[in-house]
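This report walks through the fold of one protein chain. Look over the sequence and the model first, then read on.

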Amino acid sequence: MYANDIFNIIDEMIPRKFALKNDKIGYFGKNFDNLDIKNIKIVMDLLPEDDLKFNKEDLVISHHPPLFMPKTPTYVVHSNWDIIGGGSNDALAYYLGLKPISIFHKQTGIGRICSSAKTLDEFLTLVSYKFGPENLRLVSDGNFNKILRKIAIVSGFGLSNKEFIKLAKDRSVDAFLSGDLNHSNAILARKLGLTLVDVSHHIIEIPGLFALKELIENNEKIDVPVELIDTGIPWRYISAEF
């Protein structure tokens, strides 16, 4: 199947026009005219060592833009996948059994606000079960019995964005779930009295990656095998016993 045909199909499902300004999406690689694709590999990140393993008949569909010019033909769906209905944020809500009721950041379409009737303790138990307790960090006043009526979610980077922290307060959410929490934003959240639940950037985007695979795999116009490859987080934890 020709690469250009695959690109057109993906653009119909996940239009590039929804991407944030200056986001690096679309095709990365050499001229794709008459490029015949036999396999599609879906990844969160294209790592240099994986780029060397793939062959010229593979097409990599990556969520994050590569930080180098890949040898393997690569197509990126990033913020456009985060924003569209049914994309990564809706996939995250579905994975957690949450019901989206509005857009979190209305100017861009990033994130969702979801309704809930869970206590903080119940929500943390759910998130821990879904993503693993080793991947969770919490900023809270310690009231684990409070009811979370509104939960903001942003797949990926939300807790690294100071304006998103302030917006969560302005939108009167009871908890904000995302990834990439940093030191200063944790302090800001404590000052604002805001509950933050942090999950690893990579881990929290996995539900969206599976949804992307399903979307592409179920499109009848795409007639090549689709495989999801979880490349994992790009660092390692060092044991005290090394």
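This is a predicted model: local features need pLDDT of at least 70, side-chain atom pairs count only at pLDDT 80 or more; totals for chains, interfaces and linings use all residues.

Y27 has Y75 of β4 as its bridge partner.

## The largest nonpolar core

How many residues make up the largest nonpolar core? The count is 29. I40, I61 and I216 have the most contacts inside this core. At least two residues each come from α1 (3-13), β2 (39-43), β3 (58-62), α9 (206-217) and β11 (226-228). The largest share is from α1, with 6 residues.

I216 shows how these parts meet. Beyond its neighbours within four places in sequence, I216 contacts M13, I40, I42, I61, I222 and V226. A second, separate core has 20 residues. Among its members are I83, V154, L159 and F176.

## The six-stranded sheet

Another open sheet has 6 strands. Their order is β5-β6-β8-β9-β10-β7, again with mixed pairing. The edge strands are β5 (99-105) and β7 (136-139), and each pairs on one side only. Here the twist averages 25° from one strand to the next. Within the sheet, β9 (residues 175-178) and β10 (residues 196-199) run parallel, joined by 3 bridges. F176 stands opposite L196 in β10. F176 is also part of the second core.

Helix α5 (residues 120-131) lies across β6, β7, β8, β9 and β10. Relative to β6, α5 runs at about 120°.

## Helix α4

α4 spans residues 88-95 and is mostly covered. Of its 8 residues, 6 are buried. They are S88, N89, D90, A91, L92 and A93. Just after the helix, G97 takes a positive phi of about 70°.

## The annotated site

Which residues does UniProt list under "binding site"? The unreviewed entry gives H63, D82, H201 and E205. They are spread over 143 residues of sequence, yet they cluster in space. The largest C-alpha distance among them is 13.2 Å. H63 and E205 are included in the lining of the largest cavity.

D82 is found in helix α3 (residues 79-83). Is D82 buried or exposed? Its relative accessibility is 4%, so D82 counts as buried, the cut-off for buried being under 20%. Not counting residues up to four places away in sequence, D82 touches H63, S88, N89, I110, R112 and E205. Of these contacts, H63 and E205 are also in the UniProt list. S88 and N89 are buried residues of α4.

How values were computed
Residues are numbered from 1 along each chain as its sequence is written. Side-chain values use heavy atoms; hydrogens and water are left out. A nonpolar core is a set of buried Ala, Val, Leu, Ile, Met, Phe, Trp, Tyr and Cys residues joined through side-chain atoms within 4.5 Å. Buried means under 20% relative accessible area, exposed over 50%, partly exposed in between (1.4 Å probe, protein chains only). Helices (H or I, at least four residues) and strands (E, at least two) are DSSP runs, numbered from the N terminus. Contact means heavy atoms within 4.5 Å. Two strands pair if DSSP finds at least two bridges between them. UniProt positions are given in the numbering used here, feature names are shortened, and annotations may be inferred rather than shown by experiment. On a 1 Å grid over the protein atoms alone, a cavity is a set of points where a 1.4 Å probe fits but cannot get out, and a pocket is an open set with protein on both sides within 12 Å along at least five of seven lines; lining residues have an atom within 4 Å of a point. Axes are lines fitted to C-alpha atoms, for helices over the stretch in contact, and angles run from 0 to 180 degrees between N-to-C directions.
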